[in-house]
Amino acid sequence: MAQRTEPQSTSDQPPYDAVLAAICHGTHVCAFYETEEDLLELVGQFFAAGARRGDRCMWVMPEGMSADPLGRGEVELHSAADIYQKGGSFEAGPMVDIWYEKLAAALTQNYAGLSASGHTCWLQQRDWQAFMEYENYLNKVIVDRPISLLCTYPLSSCKAGDVLDVVRAHEVVLAKQQKRWTVIESHLMDDRLDALECASRVASLSRRERQVLLLVAEGDTTKGIAFDLGLSVRTVELHRERAVRRLGVRTMVEAIRLLTLASPAVPLMDVRRHEAGNHRCFPT
């Protein structure tokens, strides 16, 4: 398993390719991203690191995306919907069998192992619990085997509780925001930060920063938040950046995790929806 280091300042973050190069066989990685360009950069670097180890590379990719930037023929491509919903619905057993089969084929072809990435574009709420159980089980499946798995989640579709579930199910968590990739260190993947400390951090936010953070946690886009609050997109971006800094974290994913841990100790959910429409209103 890859060795984790103590948290570094944002300016001291290692190059992104070096982070992935340090990930070894038996590691279960997840990443939150914002744009298709981020996703292509992410899987491209992941597969480049795998190829340097001598791995066969496999991408279970979203529908409609072009894999040309990765180099066709160098990466085995499959549709995420076809692989994860083979037979019409998601089942953990057949998915585990697929990873075993692909790993065995790679070893037969004299590869060192398998580097595989899967996407969650197909995932519906009804399958969430079963998929999280599968994600947790994968940690046992790949241990001591020459396989590394990268699971990719679009940040815009993840709510606060979803983020927490995903972080807990993986050994290494990456996130990209504001054009910077960050590793969420292991000390943020356990519960050392208790609810009172998290609540204290969240209480340091201004009312508007908290409103913006809550809407981000609900899965709203920056443009949607700007429309709901009657602000410019740039103003919403500034509130997001300030909220992250005041919470003492480096990414919005970490900020949402703090928000989730704080919720039992502080009345956070001051977001209300109008009964007759989709706009929010906030207490004054």
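Two aromatic rings, from Phe, Tyr or the six-membered ring of Trp, count as a pair when their centres lie within 6.5 Å. Keep that in mind as we walk through this predicted model, where Tyr-84, Phe-90, Trp-122, Phe-131 and Tyr-134 form one aromatic cluster.

The structure holds 10 aromatic pairs, and one of them joins Phe-90 to Phe-131 in an edge-to-face arrangement, with 5.4 Å from centre to centre and 65° between the planes. Phe-90 sits in the loop between helix 3 (80-84) and helix 4 (92-108), while Phe-131 belongs to helix 5 (residues 128-142), so their pairing ties together parts that are 41 residues apart in sequence. Both of these Phe residues are buried.

Now follow helix 5 itself. Its 15 residues reach 21 Å from the first C-alpha to the last, close to the 21 Å expected at 1.5 Å a residue. Along the way there is a kink of about 25°, centred on Asn-136. Several residues of helix 5 are buried, among them Trp-128, Met-132, Leu-138 and Ile-142. After the helix comes Asp-144, with a positive phi near 65°.

Our last stop is strand 1 (residues 28-33). Here 6 of the 6 residues are buried, so the strand is largely enclosed by the rest of the structure. His-28, Cys-30 and Phe-32 point one way, and Val-29, Ala-31 and Tyr-33 point the other way. Strand 1 also has a partner: 6 bridges join it to strand 5 (residues 147-154), and the two run parallel. In this pairing, His-28 stands opposite Leu-149 of strand 5.

Note on methods: Residues numbered from 1 in each chain as written. Predicted model: local features only at pLDDT ≥ 70, side-chain atom pairs only at ≥ 80, totals over all residues. Heavy atoms only, no water. Phe/Tyr/Trp six-rings, centres within 6.5 Å; stacked < 30°, edge-to-face > 60°. Helix = DSSP H or I, 4+ residues; strand = E, 2+ residues; numbered from the N terminus. Buried < 20%, exposed > 50% of the residue type's maximum accessible area, 1.4 Å probe, protein only. Expected span 1.5 Å × (residues − 1). Bend = angle between axes of the 7 residues up to and from the residue. Pairing = 2+ DSSP bridges.
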